[in-house]
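Me: Could you walk me through this one with a few questions and answers? I would like to start at the metal site and then move on to the sheets and helices.

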Amino acid sequence: MNTGEGKKISILGSTGSIGTQSLEICEKHGFSVIGLTANENIGLLEKQARKFGVKYVCIGNPEKYKLLKKNLADTGVKVLCGEEGLCEIAGLDENEIVLNSVVGMVGLLPTLTAIGAGKDVALANKETLVAGGELVMKLAREKGVKIYPVDSEHSAIFQCLQGNRREQLKKIILTASGGPFFGKTYEELKQVTKQQALHHPNWEMGSKITIDSATLMNKGLEFIEAKWLFDLEPDQIEIVVHRQSVVHSAVEYMDNSVIAQMGVPDMKIPIQYALLYPERVECPVGELSLTDYGTLTFEKPDFGTFKCLETAITAIEAGGVYPCLVNSANEEAVKAFLCDKIKFIQIGEIVSSVLENFEFSEITCYEDIKRADRVAREYVRDRI
Ligand code: MN3
């Protein structure tokens, strides 16, 4: 039985929402935490490092490296820095599993490093599969490495696949909360503020993913993530808006039977399932009361209003470099929105314009992805 007791794990992005909840799960089940990484938050990273007695930490921002090193000088913790340090921790020989919950494209190389080192990956960094899905899945197959989805929708699909034959799957139903602006018209979206965009009705998350949820880009990224994780054609994925976030997604089989996974909207369930698969043991979350909810609703998404969603789907249908370009353009546009440089509505305008402004090319190696990432970001900066 996979009890987690003594199982060696490193967590990339340990100070974020997924990272802190993952550490709660690790503490509950007695995991042995080897390495932790953060981008900026050295205060929390230091606390976590001391509490879990880790051997390695890495800080993304090089300006904070010296201070962190000084603060941890009385411990034996090895302090690393930047992408190089992130990859060093991802590929540590001692790791039995690596949980990747960093935000954005920067998570891709550590994922490839962990897989390259033969380590199973619990994946919460969706940009990894959006930008590099083909490379990542190919390497995982070659190395015989398992990728356990942490994203709640993909965990739900993964759970619905258990005990059934993959070749008898017809399609998947990917549920979307609809975000804070569901039901608004394109005209109304022109007026929304940053504060409104940062307020998600069901989930507490970091600012990047919260904005992605408001534009529905998050669902577009998850569409692409699902395509790679479960080896689907785009027309096998249906997006359904489900405001209550109780049905976390579903799978339809050849006999038209639909199996869904449900639960309260709490990431600790999918995190724990990824870390303790295939065990189902006590988890520190509330029970689901269907009668308290009373009504569950399902609606079609508004593709015309939420341009990011349609763009992401078109990008994966076109294939090649497009998903990576669209993802990087989105990262840059969200950054600009969070710095008050563009309006909410412009995120979708910028992201969708990428498709008309770049030629198709194949992705055959990591360098191709880096190049696409760079040109997409330059393109967005030039337009702002
Ligand atoms: Mn999700």
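**Metal site, sheets and helix packing**

Reply: Gladly! In this predicted model, the manganese ion has Asp151 (OD), Glu153 (OE) and Glu222 (OE) as its protein donors, at 2.1 to 2.2 Å.

Me: Which helices hold Glu153 and Glu222, and how many residues apart in sequence are the parts they tie together?

Reply: The donor residues follow the spacing D-x1-E-x68-E in sequence. Glu153 sits in helix α7 (residues 152–161) and Glu222 in helix α11 (residues 217–229). The pair therefore ties together parts whose separation in sequence is 69 residues.

Me: Thanks! In the open sheet of seven strands, which strands stand at the edges?

Reply: The strand order there is β4-β3-β2-β1-β5-β6-β7, and the pairing is parallel. An edge strand has a single partner, so one of its sides is left without a neighbour in the sheet; here that applies to β4 (78–81) and β7 (147–149).

Me: Staying with β7, which residue of that strand stands opposite Leu123?

Reply: Strand β6 (residues 120–123) pairs with β7 in the parallel sense, over three bridges. Leu123 has as its opposite number in β7 the residue Pro149.

Me: What angle does the direction of α4 make with that of β4?

Reply: Helix α4 packs on this sheet, where it touches β1, β2, β3 (56–59), β4 and β5. Its direction and that of β4 make an angle of about 130 degrees.

Me: Is α4 roughly parallel or roughly antiparallel to α5?

Reply: The axes of α4 (residues 82–90) and α5 (residues 108–116) come within 8 Å and cross at roughly 30 degrees. Angles under 35 degrees count as roughly parallel. That makes the relation of α4 to α5 roughly parallel.

Me: And how many nonpolar residues does the contact of α4 with α5 have?

Reply: On the α4 side are Glu83, Leu86, Cys87 and Ala90, which meet Leu109, Pro110, Thr113 and Ala114 in α5. By class, one residue of this contact is polar, one is charged, and the number of nonpolar residues is six.

Me: Lastly, in the open sheet of four strands, which residue of β9 is the bridge partner of Leu174?

Reply: The order in that sheet is β9-β8-β10-β11, with mixed pairing. β9 (237–241) is one of its edge strands, pairing on one side only. With strand β8 (residues 169–176), β9 pairs in the parallel sense over five bridges. The bridge partner of Leu174 in β9 is Ile239.

Note on methods
Residues are numbered from 1 along each chain as its sequence is written. This is a predicted model: local features need pLDDT of at least 70, side-chain atom pairs count only at pLDDT 80 or more; totals for chains, interfaces and linings use all residues. Side-chain values use heavy atoms; hydrogens and water are left out. Axes are lines fitted to C-alpha atoms, for helices over the stretch in contact, and angles run from 0 to 180 degrees between N-to-C directions. Helices (H or I, at least four residues) and strands (E, at least two) are DSSP runs, numbered from the N terminus. Angles under 35 degrees count as roughly parallel, over 145 as roughly antiparallel, 65 to 115 as roughly perpendicular and the rest as oblique. Contact means heavy atoms within 4.5 Å. Ala, Val, Leu, Ile, Met, Phe, Trp, Tyr, Cys and Pro count as nonpolar, Asp, Glu, Lys and Arg as charged, and the others, Gly among them, as polar. Two strands pair if DSSP finds at least two bridges between them. Donors are N, O and S atoms within 2.8 Å of the metal (3.2 Å for Na, K and Ca); water is not among the atoms, so sites may look incomplete.
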